[in-house]
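User: I am new to this structure and would like to understand the terms applied to it. Please set each value against its definition.

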Number of protein chains: 2
Amino acid sequence: MSILVVGSVAFDTIATPSGRVENIVGGAATYFSLAASYFTSVRVVAVVGEDFTAEHEKIMQNRGIDTRGIEHTKGKTFRWGGQYLDNLNEAKTEFTELNVFERFQPHIPRDFEDTRFLFLANIQPTLQAAVRLELNQVRLTGGDTMNFWIQNTPKELAETLKLVNVLLINDSETKMLGGDKNLPRAARKVLAMGPQALVVKHGEYGATIFFREGAFGIGSHPFRAPALPIDEVKDPTGAGDSFAGGFMGYIASQGELNREVLKRALFYGGVMGSFAVERFGTERLQDLTRDEIDARFQVFRELTHLE
Amino acid sequence: MSILVVGSVAFDTIATPSGRVENIVGGAATYFSLAASYFTSVRVVAVVGEDFTAEHEKIMQNRGIDTRGIEHTKGKTFRWGGQYLDNLNEAKTEFTELNVFERFQPHIPRDFEDTRFLFLANIQPTLQAAVRLELNQVRLTGGDTMNFWIQNTPKELAETLKLVNVLLINDSETKMLGGDKNLPRAARKVLAMGPQALVVKHGEYGATIFFREGAFGIGSHPFRAPALPIDEVKDPTGAGDSFAGGFMGYIASQGELNREVLKRALFYGGVMGSFAVERFGTERLQDLTRDEIDARFQVFRELTHLE
């Protein structure tokens, strides 16, 4: 079934130890939709400015992504610049120009109203909630957030979390949101806020999914997918959004919604994140094949598989 | 088959967010031997001072550990004091009194000369090499080291690494030793220095074993064992040495020395590390049962196991 993502489309300027690129198409919704497009059909809701041309939009359209929800408006597209230092785990933001993204009001095309799978990328929590409430046939909502919203809009975020089935955030966001330095305890506190499952992304160490007791089947044991140690991380930008795209895209492609599907989805998330970082920007996500993806899935599986 | 460990026995004073203990028996050889004792018979070579009583030695003897290689000498036992801040990943050393450990010259009892499995805990590399060369029936040597030796005695360490079959160190030590910020590349550089396998310990994220091409079987794919997310880490002291004890102890207990054994050993290492941190010092390692260990092994296995 198709999946709808609402989030940012941006022009990124990125410097890493491997090189530098300027004004390439990025943004959470872009990485997410490209990664998800290998599993299912994808719809994007976003906003761009006059500088975003038909050629830019082709990056998504070439992967069959439905871009009718990308609103073109007066002004410039969101721009972000950042650089990564040696450890590649954290970007140092050099500039953020919100531009048209500052007044983003998601408009959902009528044809998208039958959406069953939804991903709310990292935007203002009130906008996330509004999108979810507008779509009343949704079966599963995934969501992202960040430290800024956890600290500055806790009430709005709390309302949004009641509408999110699977939240995907990283270790430090989990500890901040749960108000606990211990990861599994923080995870339980986050699950008590609404989500049935919480995916904690560990960067190069993979990800762990925590389940609320009884959600998606019996028990509440967490599950962990490793990440492949990669020889050359060219550009970590978008790894987390690509992870979310692989994770949610695989779920949307499956008929059933059970724990085994979520476990496999966690592996596919790691696979798509690992591809994303191999080249700058979305480059690697534009030219993959499903065979390459499934081959890496097997490598990830064998990485932790005991006979 | 029995395993011999050479390393420190110490009195530790530890403060963590969960509490504080003073002058409890610790040291790499202590944690290692207790963890390994659940898998095979263990021999310890170490040095202590007059303040180390028969009662202290009982902690090891109660687990059937052969302590005839613990030399009692004039002076005080090695003392270490440290505290852990909130994230629990790194100890802040408050004091180090080497005492009798400063002039440690390992003496191997005659009865230990038939040793087949050896673990060289973190001591001066020249001493590690001397122990290895004195034991000429050894089939497999495991070793540890630390940033101090990597920076200050690189030549001596290089000689020792030629004698070590499996090196167990953490992420930052691997990057420093390999001289590369990228983990798999650094791992290959470390393997080129001598070891057939390198175990990189990731703390709460588990561990990865990298193989030299063709070592212990066909191919060179790495393997990763997860760590269980633990609700309460009381005291991280000794986690790495307990990991090594579970890893090497399991290997010594198996007849065969192949990749499948090393993979299972990696899981058992994580299991013993996870028990160690549940209570202060070696307390939890003193009263385990093999059933508890195997039950947690299954939990770890299921944590990443896809149907």
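User: What makes the pair formed by the backbone nitrogen of Arg185(B) and the side chain of Asn182(B) a polar contact?

Analyst: In this predicted model, the backbone nitrogen of Arg185(B) lies 3.0 Å from a polar atom of the Asn182(B) side chain. A polar contact is a pair of N or O atoms within 3.5 Å; within protein, one must be able to donate a hydrogen and the other to accept it, and residues adjacent in sequence count only if both atoms are side-chain atoms. The side chain of Asn182(B) also has a polar atom 2.8 Å from the backbone oxygen of Asp231(A).

User: Why is Asn182(B) called buried?

Analyst: Its relative accessibility is 11%, and buried means under 20% relative accessible area, with over 50% called exposed and partly exposed in between (1.4 Å probe, protein chains only); Asn182(B) therefore counts as buried. Asn182(B) sits in the loop between helix H6 (171–178) and helix H7 (183–191) of chain B, where helices are DSSP runs (H or I) of at least four residues and strands (E) of at least two, numbered from the N terminus.

User: Which residues does Asn182(B) touch, not counting residues up to four places away in sequence?

Analyst: Asn182(B) touches Ile230(A), Asp231(A), Glu232(A) and Val233(A); contact means heavy atoms within 4.5 Å.

User: What makes the pairing of Arg188(B) and Asp231(A) a salt bridge?

Analyst: The N to O distance between their side chains is 2.5 Å. The rule asks for a side-chain nitrogen of Lys or Arg within 4 Å of a carboxyl oxygen of Asp or Glu, so the pair qualifies as a salt bridge. Across the interface of chain A and chain B, the rule finds 2 salt bridges.

User: How much area do chain A and chain B bury between them?

Analyst: The two chains bury about 3,300 Å², 51% of it on carbon and sulfur atoms. Buried area is the accessible area (1.4 Å probe) that two parts lose on being put together, summed over both. Tyr205(A), Arg224(A) and Leu306(A) supply 25% of the area that chain A buries against chain B, more than any other three residues.

User: How do you know that the copies meet through the same surface?

Analyst: Of the interface residues of chain A, 100% are also interface residues in chain B, so the surface is the same.

User: Which conventions apply to numbering and to the values?

Analyst: Residues are numbered from 1 along each chain as its sequence is written, while chains are lettered from A and ligands numbered from 1 in the order in which they are written. Local features need pLDDT of at least 70, side-chain atom pairs count only at pLDDT 80 or more, and totals for chains, interfaces and linings use all residues, while side-chain values use heavy atoms, with hydrogens and water left out.
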